[in-house]
Amino acid sequence: MKKIITWFLMLNKRLFKKPGFIAILLLVPFITLAVTTATKQESGVLHIVLAAEGGGDQAAREMIDFLDKDTDLILFTVADSPEAAKAQVLSAKADAAWIFPAETDEAIARFLKDMDEDNAFIHVYQREQTTMLALSTEKIGQAVFPHVSDDIYLNFIRKNVPSLDSVSDEVLLDYYQKTLLDVELFAFDNAETQAAKENGYLAGPVRGLLSVLVVLGGLAAAIYFYKDEDAGTFAMLPISRRRFVAGVSQQSAILWVALASLLALFVSGQWVGFGLETAAMAIYVVAVAGFCTLLRRISGSGRMLSALAPVVVVLLIAICPVFFQQTAFRFIQVLLPTYYYLNSVYNPMHLLYMAAVAPAYWGLSLLAGRLGRKI
Amino acid sequence: MKQYFAAQLKRLAKSAPAVIILSLALAVGFGLVLSLISATNTDATERKAVVAVTGEMEDTFLTMGITALSDFDTLSYSVEVVQTDTETAKNMLDAGQIAAYVVIPEGFAEKAAYGEFMTLEFVTTPGATGLVPMIKQEITEVISTILTHSNKGVYGMADAIESVGGNATYKVLTDLSFDYVDFILLRSRVYSVENLGVAYSLTLSGYFFCGLTTVLLFLLGIACAHIFVRKDTTLGRLLYSRGISAGRQLLGEYGAYFILMYIITALIIGVALVSGLLASVLPVIRDMTGIELAFIFVKLIPAVALICAFHFAVFEISTEPVSAVLFQFLFAAIIGYASGCIFPVWFFPEVLQKIAPFTPTGAARGYLAACFNGEDFFLYLALCIGFAVLFGGITLYARKQRILGRKEGNI
């Protein structure tokens with residue numbers, strides 16, 4: 001036992017003697033904090049410019065004011081003129097421009113006569129048709145509807161309710177306004193963490209990137225071990241002891257990078273809770289250690305493992321829910337430890353799946369050890 | 001020095017086949033990411049978000065409403081609505097077959113008829129991206145607004161009729177509701193759309209191609225860490241004692257590495273060109289002549305030079321592969337992400353949009369894009385050359401320090 005501890009301390013000292021490694025451990029939380037802080041400022045997946053012809057009437061200005069509010073997904077800005085708004089779209093500074101007419105109230109009245117598309121009164125300029133832009137135009141409906149709704153109400157009453165002929169438009173509109181109905185129709189599942197709500201869309205991939213970093217820490221340590229093997233650093237040790245050294249040096253790097261990642265999650269506000277975070281990371285470290293050991297034994301040399309490492313990184317980024325949720329390659333996802341870790345934050349059942357998969361990595365790595373490279 | 005350069009070429013040639021093959025595999029992986037991103041963000045007609053509606057579905061008006069949403073509403077171009085039970089919807093959500101589901105509680109339709117709206121539960125996978133946040137955050141608000149104001153009209157009319165001693169009949173309330181439904185179904189007619197085209201700017205897919213290629217090339221340094229990262233400076237000192245200065249040593253090594261990276265870059269662009277992928281994501285190249293297309297391969301040189309210089313700086317400063325590999329990933333993935341190589345830079349706040357071009361990853365991405373569309377070409381060219389010189393200077397300084405023994409293996 002004493003020898004194991006001695007080797008463990010020596011191999012960790014080997015890592016910590018390199019200022020570069022310490023710098024990385026410090027950089028991880030720093031860069032994460034910097035990125036998540038910067039992404040909290042005003043931004044949007046889409047940038048839509050609003051403008052009104054001739055400054056617009058009160059209705060146009062009310063619609064523009066309504067839209068010109070912060071949302072996570074759409075950044076609305078207001079241009080001085082329709083020409084300036086269109087220029088921003090042409091120069092790719094904006095995705096679309098919505099131009100409101102000078103006389104919006106009259107335009108609405110004209111439109112409501114037959115609801116013909118020839119009477120469209122808002123002009124949309126966009127660079128190209130995308131699904132996101134198509135969905136964003138629903139916000140036009142949201143801005144326009146309150147102004148259209150009272151017209152539809154009055155028009156209907158004047159045509160179909162003779163008992164209200166003697167009541168003035170102002171009184172009727174009073175009844176409309178006084179009807180207190182603020183419909184919050186939707187409640188959202190509480191599986192979205194508070195951290196995700198506060199940090200928004202852009203900070204989401206940070207956790208995924210940190211989890212990939214942990215895997216890369218293990219692979220990098222394995223490459224380091226192979227370099228030393230090739231240089232004969234551990235030549236005096238028997239194979240069984242070299243296997244132990246390879247494992248401990250790999251696990252040490254994984255552990256320290258995992259701790260740096262946990263600290264990064266904490267300082268950047270991505271932390272979801274001490275219990276869940278530590279349990280998820282602890283199981284992930286064991287799973288990643290098995291995964292990296294398996295890859296180390298399959299690759300058989302530092303050169304192959306170096307070449308394989310970026311492929312593994314890209315696979316993790318593309319297949320696991322780091323940037324995108326996708327299910328097209330579920331059969332590959334279930335083979336990767338990062339998939340379980342990222343899902344375990346929202347669905348703790350994945351902690352159990354990860355705990356079940358970890359021994360499988362170790363089992364396969366033992367098998368690979370028997371069939372090929374012993375270390 | 002020529003001999004040293006040739007020796008470096010031979011040294012790299014041993015690893016080159018594995019690196020090139022795996023780089024192409026990497027490129028396929030990125031092609032996969034590109035296709036996933038493009039499918040999520042582009043083309044309004046082929047990729048819809050599927051949302052399931054579950055719960056109490058027996059009311060006629062409710063069923064009519066859902067049918068209208070599925071078949072007539074403009075939202076149906078982007079969202080497909082399916083009806084199923086809650087358990088099946090949960091399983092479908094887990095399996096990724098649907099983006100979200102809505103649960104209609106029992107008694108919803110009955111209470112809605114009297115102006116009381118029960119809450120609908122909207123369930124999606126946490127951390128969902130793509131169309132789902134748009135639907136969840138924006139579309140649900142749109143629906144709530146429309147419902148609020150249309151019901152103000154219906155119940156306002158009922159109150160007005162009662163105030164004059166009348167009785168608001170079911171027919172008159174329903175007729176007004178149908179007037180509102182008419183407008184709701186035709187709401188897209190209030191605006192007309194004009195697509196201005198992208199001219200020589202990049203399409204979204206073209207942008208992603210340039211960004212992901214940049215990240216890929218920066219990550220490729222990981223594949224060569226094993227070859228170049230070393231703490232032993234014996235060879236460097238020996239060469240120095242024979243008159244080959246630190247600068248000339250680096251030039252020999254860098255030259256060989258540059259050739260390898262350039263071959264990989266040219267192969268990736270070449271395969272994308274021949275397969276038609278490049279033309280589909282960068283329509284500007286369809287108008288290019290053969291000479292202009294060939295010249296693109298020449299234009300790649302500054303970007304490759306920058307990336308190689310960055311890799312060399314990391315290799316030289318690190319004396320073991322762990323920090324070299326981790327630093328390259330931190331830079332390529334995290335700084336690359338924040339500088340707009342994965343999500344477009346305009347997604348990010350203005351401060352990051354301003355900083356992005358002045359990061360190595362942002363400069364390389366911007367330059368790659370400028371190779372195709374010419375926008376700010378000389379700015380990005382200057383940035384690429386500037387960064388290449390900067391990293392070259394750092395590498396030279398680090399090598400001098402190491403072979404002259406002032407800081408033995410301790411960087």
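Figure 1. At 5% relative accessibility, Lys139(A) counts as buried (buried is under 20% relative accessible area, exposed over 50%, partly exposed in between, with a 1.4 Å probe and protein chains only). The model is predicted: local features need pLDDT of at least 70 and side-chain atom pairs pLDDT 80 or more, whereas totals for chains, interfaces and linings use all residues. Residues are numbered from 1 along each chain as its sequence is written, chains are lettered from A and ligands numbered from 1 in the order written, and side-chain values use heavy atoms, without hydrogens and water. Lys139(A) forms a salt bridge with Glu141(B), with 3.8 Å between the closest N and O atoms (a salt bridge is a side-chain nitrogen of Lys or Arg within 4 Å of a carboxyl oxygen of Asp or Glu). The pair crosses between chains, from helix 7 (residues 138–160) of chain A to helix 5 (residues 131–163) of chain B (helices, H or I of at least four residues, and strands, E of at least two, are DSSP runs numbered from the N terminus). Glu141(B) counts as partly exposed, at 41% relative accessibility.

Figure 2. Over all chains, a search of the whole structure finds twelve salt bridges. In one of them, the side chains of Lys178(A) and Asp174(A) meet at 3.2 Å, N to O. Both residues lie in helix 8 (residues 169–178) of chain A, four residues apart, about one turn of the helix. Lys178(A) is exposed, with a relative accessible area of 58%, while Asp174(A) is partly exposed, with 35%. Glu229(A) and Arg242(A) form another salt bridge, at 3.3 Å, N to O. Glu229(A) is in helix 10 and Arg242(A) in helix 11 of chain A, so the pair ties together parts that are 13 residues apart in sequence. Glu229(A) is buried, with a relative accessible area of 16%, and Arg242(A) counts as buried at 14%. Glu253(B), Glu316(B), Arg399(B) and Arg402(B) are joined into one network by salt bridges that share partners.

Figure 3. Trp98(A), Phe100(A), Phe183(B) and Phe329(B) touch the most other members of the largest nonpolar core, which has 221 residues (a nonpolar core is a set of buried Ala, Val, Leu, Ile, Met, Phe, Trp, Tyr and Cys residues joined through side-chain atoms within 4.5 Å). Helix 10 (residues 205–231) of chain A provides the largest share of this core, with 15 residues. A second, separate core has 18 residues, including Leu135(A), Val81(B), Leu120(B) and Phe122(B). Leaving aside residues up to four places away in sequence, Phe183(B) touches Phe111(A), Leu112(A), Met115(A), Val144(A), Phe145(A), Val148(A), Ile152(A) and Val190(B) (contact means heavy atoms within 4.5 Å). Met115(A) is found in the loop between helix 5 (104–114) and strand 4 (122–126) of chain A. Phi of Met115(A) is near 50°, a positive value in a residue other than glycine. Met115(A) counts as buried, at 13% relative accessibility.

**Figure 4. A nonpolar surface patch on chain A.** Met1(A), Ile4(A), Ile5(A), Phe8(A), Leu9(A), Leu255(A) and Leu259(A) form a nonpolar patch with about 670 Å² of accessible area together. Patch residues have over 30% relative accessible area and no salt bridge; like charges are joined within 9 Å and nonpolar side chains (Val, Leu, Ile, Met, Phe, Trp, Tyr) within 5 Å. Accessible areas come from the Shrake-Rupley method with a 1.4 Å probe; for residues, only the protein chains shown count as cover. Helix 1 (2–16) and helix 11 (239–267) of chain A each supply at least two residues of the patch. Helix 1 gives the most, with four residues. Phe8(A) is placed in helix 1 of chain A and counts as partly exposed, at 34% relative accessibility.

**Figure 5. Ala84(A) and Ala51(A), with totals for chain A.** Ala84(A) is found in helix 4 (residues 82–90) of chain A and is partly exposed, with a relative accessible area of 31%. Ala84(A) and Ala51(A) are 33 residues apart in sequence and 8.5 Å apart in space, C-alpha to C-alpha. Chain A has 16 helices and five strands. Of its 375 residues, 57% count as buried. The C-alpha trace of chain A spans about 105 × 40 × 35 Å along its principal axes.
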